[in-house]
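Please keep the sequence and the structure in view while reading.

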Amino acid sequence: MFTVAIITLSDKGYEGQREDLTGPKIKEYIEGTNRYKVVSYTLLKDDSQMLQEELRKICDNEIADLILTNGGTGFSKRDITPEATKLIIEKEIPGISEYMRMKSSEITKKAILSRGVSGIRKNSLIINLPGSPKGAIENLSFVIDTLDHGIEILKGQATECATNSQK
């Protein structure tokens, strides 16, 4: 079973002016796969330094195999999630975010406006999801089955992507 940290970025949520609906939906969805257990949930304001510190803490202390951020990926002046994530990752994984945008754009053309990124720091995979509950779950559903293998490789539990039939 893989461990998961959820980080919600929301100024209004952080200030108690709005309930976070997306974080709990992600938790419900991810734990419903029976392959993941949420071990951390954090609600932060849209602050680059706070997000970087939280991501570093989780990755560097091996708290979670997978970190799912939600919110802060749009065009607002306060949307800083992708930039903060890029500052702390060691390897970017553009395929995850590109695929989520591509599949999501089949549902709504506005999906191409998402700026979320994905990457690795230490032994943790970080994925930026949209802030809406519907968007976050849809995007996660597009990649969830493939993430298992990536995390296994990252943790040294799997070594090859190719099988004999693919050679």
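Which element gives the most to the lining of the largest cavity? The answer is H5, with three residues.

## Basis of the model

The model is predicted, and local features need pLDDT of at least 70, side-chain atom pairs count only at pLDDT 80 or more, and totals for chains, interfaces and linings use all residues. Residues are numbered from 1 along each chain as its sequence is written, and side-chain values use heavy atoms, with hydrogens and water left out.

## The enclosed space

Rolling a probe the size of a water molecule over the atoms shows where empty space is left. A cavity is here a set of points, on a 1 Å grid over the protein atoms alone, where a 1.4 Å probe fits but cannot get out. Grid points are joined across faces, edges and corners, and a volume is the space filled by probe spheres set on the points. Searching the whole structure gives one cavity of 30 Å³ or more, and the largest cavity holds about 40 Å³ of space.

Its lining, meaning residues that have an atom within 4 Å of a point, consists of Ser97, Met100, Arg101, Ser114, Gly116, Asn128, Leu129, Pro130 and Asn139. Two or more of these residues come from each of H5 and strand E6 (124–129); helices (H or I, at least four residues) and strands (E, at least two) are DSSP runs numbered from the N terminus. By class, the lining of the largest cavity has three nonpolar, five polar and one charged residue, where Ala, Val, Leu, Ile, Met, Phe, Trp, Tyr, Cys and Pro count as nonpolar, Asp, Glu, Lys and Arg as charged, and the others, Gly among them, as polar.

## The open pocket

A pocket, in contrast to a cavity, is an open set of points with protein on both sides within 12 Å along at least five of seven lines. The largest pocket has a volume of about 610 Å³, and of the 34 residues that line this pocket, Gly71, Gly72, Pro130, Gly131 and Ser132 are the closest to its centre.

At least two residues of the pocket lining are supplied by each of strand E1 (2–9), helix H1 (11–14), H5 and helix H6 (133–154), and H6 gives the most, with five residues. The lining of the largest pocket divides into eight nonpolar, 16 polar and ten charged residues.

## Salt bridges

A salt bridge is counted when a side-chain nitrogen of Lys or Arg lies within 4 Å of a carboxyl oxygen of Asp or Glu, and by this rule the count comes to eleven. Arg78 pairs in this way with Asp11, their closest N and O atoms being 2.8 Å apart. The two residues are 67 residues apart and link distant parts of the chain, with Arg78 in the loop between E3 and helix H4 (81–88) and Asp11 in helix H1. Asp11 is classed as buried because its relative accessible area is 18%, buried meaning under 20%, exposed over 50% and partly exposed in between (1.4 Å probe, protein chains only). Arg78, at 41%, therefore counts as partly exposed.

Lys155 and Asp65 meet in another salt bridge, at 3.0 Å from N to O. This pair also links distant parts of the chain, 90 residues apart, with Lys155 in the segment after H6 and Asp65 in the loop between H3 and E3. Asp65 is buried at 9% relative accessible area, whereas Lys155 is partly exposed at 33%.

## Backbone with positive phi

Most residues other than glycine have a negative phi, and most peptide bonds are trans. Glu62, although not a glycine, has a positive phi of about 50°; the residue sits in the loop between helix H3 (48–60) and strand E3 (66–70) and is exposed, with a relative accessible area of 60%. Lys122, also not a glycine, has a positive phi of about 55°, lies in the loop between E5 and E6, and counts as partly exposed at 43% relative accessibility.
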